Amino acid sequence: MPRDSISGVTATQNAPKSISDLEALLKDDIKVKVAGVDVDGVLRGKYMSKEKFLSAASSDGFNFCSVIFGWDMHDTVYSKELLISNRANGYRDLIASIDLATYRRIPWENNVPFFLVSFLDPDTKEPICADPRGALRKVAAKAQLKGWRCLAGCEYEYFQFKETPESLAKKNFKDLQPLTPGMHGYSLLRTQLNTEYFNDLFDESLKFQVPLEGHHTETGPGVYETALAYTDAPRMADNAILFKFLAKSIGMKHGVVPSFMAKPWGNLPGCSGHIHVSLRDANGKSVFAVPDDQLKSGRPDAQYEDTKFLSQEGEWFLAGVLAGLPDVMPMLVPTINGYKRLVGGEAFWAPNAVTYGYDSRAASVRIISPPSVPPSSTRLEIRVPGADMNPYFALSALFALGLRGIEKKLPLPGPPVSQLTQEDKKNGKVQMLPQSLEAATERMLRPDSIAREESVFGNDFVDHFGGTRQHEVRLWNEAVTNWEVERYLELA
């Protein structure tokens, strides 16, 4: 697939390369849908008349209220004044720059044309520090300067409920009915109960140019897992955010609410958002793969047995991810609820420590390399994020940390997970990840946080995004939960 040189995104099929191409594409349309992404990974957009859209596409873009970076996912203004949108600047407009490489049509909305936008500072015409698409493009461009392409794949696990937005509100989000009962991972039978919905998710994704690799039930009442097809990281983030939009839209047609909340049930495994990452050189070869003459015995200078079929650059990349993982947790696990998924650790398939291992689903970073896959498929799977992640920030964090590891030629922090014990966690031999959003945000905001390095996210991003997470923590700390009332009301 062709790549758009300006946006850095692998272009969709039939994406226009010029305004004349665009005019021809839209000749039979009267309106266009556009959307950008906020820090919570929520799509914010609108319809535009064709005439207004074409005018904007021919210039820097169109004005869009900056308040989407000044409030949370429920449109509550942040309690702390932040950099981008605030009372002092009057919640001024940003420039929404249209990305022609993201052209699609929405099949369930009468094939209306659709484009994603990125948000620019109106004075500098540069991406604002917290624009999710801009943050990832910056990292991808840095890799491109070295002759590498950032490739990624995302997998979503998600619960589904036989509910509607109205019934959720009426029930106060209690006693919700799962789409199917029981624990039935990889079940061919359970999908027969909702076969039209199950197949629509796959089929409409293809029409929407969000190609999938796999789609099946996962263990848990009403749980599906969907793997998105591997592609360039900026396109993967677009596809990931649009798959959520697609799933929720298709769900509405079928009376189903899919939930990407990380841990809807306290006594069941949560919903992961596993991410696969790798680099490819200008010839299309995996930078993480060992050369052919090392395929039998592995790399002789590998630090550990688990990394002997990972190239030196791959090992440095892995070390970079592990070194920075604790400092970028809010970008991987951005919600209060997301840390509930990590509490059980490996018992719930959710690693909560700085660990790695060859083909290990017990580790935070799983090395996927020969002999289990061909060299071209050598990659890392990061198993920490939940389905509630913002894929742009998560991918930005992982690639920025990995590239940092290569630049600094960082060593691995210790042995692989197969050589560790539970006691190693207790005695401090293994570094634990932050166990709450509050702790993760405090760590990210430290003056010496790796996240603050300009080659990773920089101060402006960390201060703004950190402020949004402090807002989330404050709302949680002010909330009185059902658990508290049931536990303390009568007996305290």
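1. Buried means under 20% relative accessible area, exposed means over 50%, and partly exposed lies in between (1.4 Å probe, protein chains only). Aspartate 463 has a relative accessible area of 38%, so this residue is partly exposed. Aspartate 463 sits in helix α13. Helices (H or I, at least four residues) and strands (E, at least two) are DSSP runs, numbered from the N terminus.

2. This is a predicted model: local features need pLDDT of at least 70, side-chain atom pairs count only at pLDDT 80 or more, and totals for chains, interfaces and linings use all residues. Residues are numbered from 1 along each chain as its sequence is written, and side-chain values use heavy atoms, with hydrogens and water left out.

3. What does aspartate 463 touch, leaving aside neighbours within four places in sequence? Aspartate 463 is in contact (heavy atoms within 4.5 Å) with Leu82, Leu445 and Arg452. Arginine 452 is eleven residues away in sequence, and the two C-alpha atoms are 8.8 Å apart.

4. Now helix α5. Residues 195-207 form this helix of 13 residues. The distance from its first C-alpha to its last is 18 Å, close to the expected 18 Å at 1.5 Å a residue. The expected span is 1.5 Å times one less than the number of residues. α5 has a kink of about 25 degrees centred on leucine 201. The bend at a residue is the angle between axes fitted to the seven residues ending there and the seven starting there. Leu201 is buried, and so are Tyr197, Phe198, Asp200, Glu204 and Ser205. The buried residues of α5 pack against β6, β7, β8, α6 and β10.

5. Helix α6 is mostly covered, with 17 of its 21 residues buried. Glycine 255 follows α6 and has a positive phi, near 70 degrees.

6. The structure holds 29 salt bridges. A salt bridge is a side-chain nitrogen of Lys or Arg within 4 Å of a carboxyl oxygen of Asp or Glu. Aspartate 75 and arginine 44 form one, at 2.9 Å from N to O. Aspartate 75 lies in the loop between β3 and β4, and arginine 44 in strand β2, so the pair ties together parts 31 residues apart in sequence. Arginine 44 counts as buried at 12% relative accessibility, while aspartate 75 counts as partly exposed at 39%.

7. Glutamate 163 and lysine 171 also form a salt bridge, at 2.8 Å from N to O. Glutamate 163 is buried, with a relative accessible area of 4%. Lysine 171 is partly exposed at 34%.
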